Amino acid sequence: MKFTMLPTVWDETVAELEAAGHEFVEDLAQARGLVFNAGPEKLPDPVPENIEVIQLPFAGVEPFNDAGLLAADGPRWANGAGLYADTVAESALSLLLAQLHLLKTAVTSASFDSADTIDAHKQWLFEDKTVAVIGAGGIGVRLLELLAPHRVSTIAVNRSGRPVTGADRTVAIDDAAMDEVWATADYFVLIMPLTDQTRHMVNAEVLGKMKSTAVVVNVGRGPLIHTDDLLAALRDGTIAGAALDVTDPEPLPDDHPLWGLDNCLITPHVANTPSMVRALTGQQAVRNFDAFEAGETMPAEVDGKAGY
Amino acid sequence: MKFTMYPGVWDNVVAEVEEAGHEFVSDLHQAEFLIYAGGRLPDPLPENIGFVQFVFSGIDRLVDAGVIQPGTRWANAAGAYGRPVAEIAMTLLLAQLHQVKAAGMAASFQARGHIDAAQGWLFDGPTVAIVGAGGIADGIIPMLRPFGVRIIAVNRSGRAVEGADETIAMADAEWVWSEADAFVLAMPLTDQTRGVVDAERFAQMKESAVVVNVGRGELIVTDDLVEALRTGQIAGAAMDVTDPEPLPDGHPLWRLPTCTITPHIAATGRIASRLITPTILANAAAFEAGERMPTEVDLRKGY
């Protein structure tokens with residue numbers, strides 16, 4: 001089908017779609033599909049009626065939801081869900097292991113003098129630990145596969161509570177059983193989408209329920225965590241550590257106190273980077289546009305009512 | 001059997017060995033075997049000591065210092081710490097690929113572009129060579145499997161290592177140095193392995209190569225590594241062991257964002273005291289039965 005790309009044309013993305021038989025057109029009025037790679041304020045208003053389907057590159061679609069675009073009558077929407085399972089799951093495991101073994105302490109001390117401190121405070125995955133994967137979609141399932149050889153117990157947390165492949169048990173995110181999950185898991189990996197329900201879900205109250213040895217990894221969205229509450233919890237030892245690839249605010253200002261904490265590892269949003277996105281978005285659009293043309297639900301179709 | 005632990009005593013290990021039916025004696029002259037975690041020993045050892053159980057794996061320094069001498073049977077901890085050391089190797093490999101040190105040193109989102117460009121991935125099918133395929137290889141191979149990497153095991157004999165796609169004898173492994181994307185060094189330090197990763201090897205490697213060392217610092221020629229990292233001959237290194245060790249404060253490797261260093265935290269006394277008992281019991285049983293102990297040291301091989 002005919003498609004165009006706005007506001008920035010990524011050659012790699014266009015090439016993938018053309019290779020799959022779709023036709024790139026310059027003129028928006030001629031296109032049926034749109035690959036759109038900016039925020040909602042850049043979207044043509046209104047979207048012309050000839051545009052029936054819009055592919056967004058990322059999994060997080062909350063700005064479009066906030067702008068009321070997803071629930072409106074108009075084009076169908078697809079996002080990058082599932083596209084970054086390999087990259088984000090690998091980054092999540094990397095961050096978890098690096099924080100358990102206190103790599104930031106090793107880096108900032110730059111000395112063998114830190115050996116005793118690290119030996120005394122580091123934690124091991126191999127010693128019967130429980131990992132809670134919160135937001136267990138495609139990335140979570142992939143992470144569970146990567147965790148399996150470490151022989152940890154796993155709890156998957158999702159919206160429905162429907163059992164997640166590879167998890168020892170699954171809990172619904174709004175279930176009363178979440179209290180017990182916060183209190184019993186050793187480590188938490190946050191991968192859930194940002195919605196009204198999940199914003200600031202990890203706040204002082206939730207951090208207070210966790211073990212003092214708990215480590216929280218965030219590869220979802222910065223605002224899933226209440227930053228000031230996390231800062232306090234890391235300073236006073238409410239929990240042992242955090243490892244963040246996403247922050248709130250983002251970018252985290254250079255003078256922010258989290259940078260100075262040895263028990264808070266931060267990478268600058270590199271689990272899912274621009275170079276990766278361009279390479280993978282074309283393949284995602286092919287899968288979705290093909291399903292759209294066949295009259296099917298797209299593999300990464302956005303549920304306008306749920307907001308993701 | 002009667003045993004002692006000397007000079008340092010680990011109470012929990014003594015209790016576990018006693019629980020298995022052996023009897024702790026405090027007098028070295030009454031003991032039939034000795035559990036040894038380092039420190040000064042009488043020279044020669046009393047003849048009543050049938051064997052010495054060293055609680056770590058690397059015996060090179062004990063041999064060099066003359067602590068281990070022909071005439072007394074020694075056993076080490078070979079294989080006992082495969083899982084923790086494999087976990088550290090995995091951590092170091094992932095942390096170096098994902099530029100955790102660079103991020104820590106930069107402490108700024110302004111490093112994003114650089115880190116994005118520099119980071120490497122396991123998911124897109126690299127080849128990982130595990131050099132020295134013992135307990136550590138047994139531990140790390142299953143951890144690498146779900147990433148879909150190709151695994152080449154390199155060992156002395158070339159005997160197939162379970163879970164590896166290929167096993168190559170060290171003597172035939174010349175091509176591996178230019179083939180693999182990542183190396184995990186996990187072999188003992190012997191005359192054959194000392195300095196095996198030197199300038200010549202770095203020149204053979206890909207520019208994107210990452211070298212992880214959880215074996216012994218002396219497996220790598222440190223000055224050659226500094227040069228290879230500075231000139232971009234390889235992409236990175238990550239090591240829990242160094243040469244010299246401890247690595248002096250101010251050593252140039254500390255300042256290189258391409259070189260992740262942890263201060264020998266894989267198989268520490270803390271970990272050893274939690275995991276060594278089954279090895280001790282298996283060796284004692286074999287000794288009593290008049291057999292070769294499962295982790296008996298072969299002084300000719302050096303491990």
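Colleague: In which sense do strand S6 and strand S7 of chain B pair, and over how many bridges?

Modeller: In this predicted model, S6 (residues 127-131) and S7 (residues 150-155) of chain B run in the parallel sense and share five bridges.

Colleague: How is the contact between the two chains to be read?

Modeller: The size of an interface is often given as the accessible area lost when the parts come together. Here residue contacts are counted instead: 41 residues of chain B touch 43 residues of chain A. Elements giving two or more residues on the chain B side include helix H4 (100-106), helix H5 (112-118), helix H6 (135-144) and strand S12 (259-261). H3(B) contributes the most, eight residues. By type, that side divides into 24 nonpolar, nine polar and eight charged residues.

Colleague: Why does the radius of gyration of chain A agree with a compact globule?

Modeller: A compact globule of 308 residues would have a value near 19 Å, and chain A has 21 Å, which agrees. Its C-alpha trace spans about 65 × 40 × 35 Å along the principal axes. Chain A holds 10 helices and 12 strands, and 49% of its residues count as buried.

Notes
Residues are numbered from 1 along each chain as its sequence is written. Chains are lettered from A and ligands numbered from 1 in the order in which they are written. This is a predicted model: local features need pLDDT of at least 70, side-chain atom pairs count only at pLDDT 80 or more; totals for chains, interfaces and linings use all residues. Helices (H or I, at least four residues) and strands (E, at least two) are DSSP runs, numbered from the N terminus. The radius of gyration is taken over C-alpha atoms; the globule rule is 2.2 Å times the number of residues to the power 0.38. A residue is buried if 20 or more other C-beta atoms lie within 10 Å of its own, exposed if 12 or fewer, and partly exposed in between; C-beta atoms are placed from the backbone. Two residues are in contact if their C-beta atoms, placed from the backbone, lie within 7 Å. Ala, Val, Leu, Ile, Met, Phe, Trp, Tyr, Cys and Pro count as nonpolar, Asp, Glu, Lys and Arg as charged, and the others, Gly among them, as polar. Two strands pair if DSSP finds at least two bridges between them.
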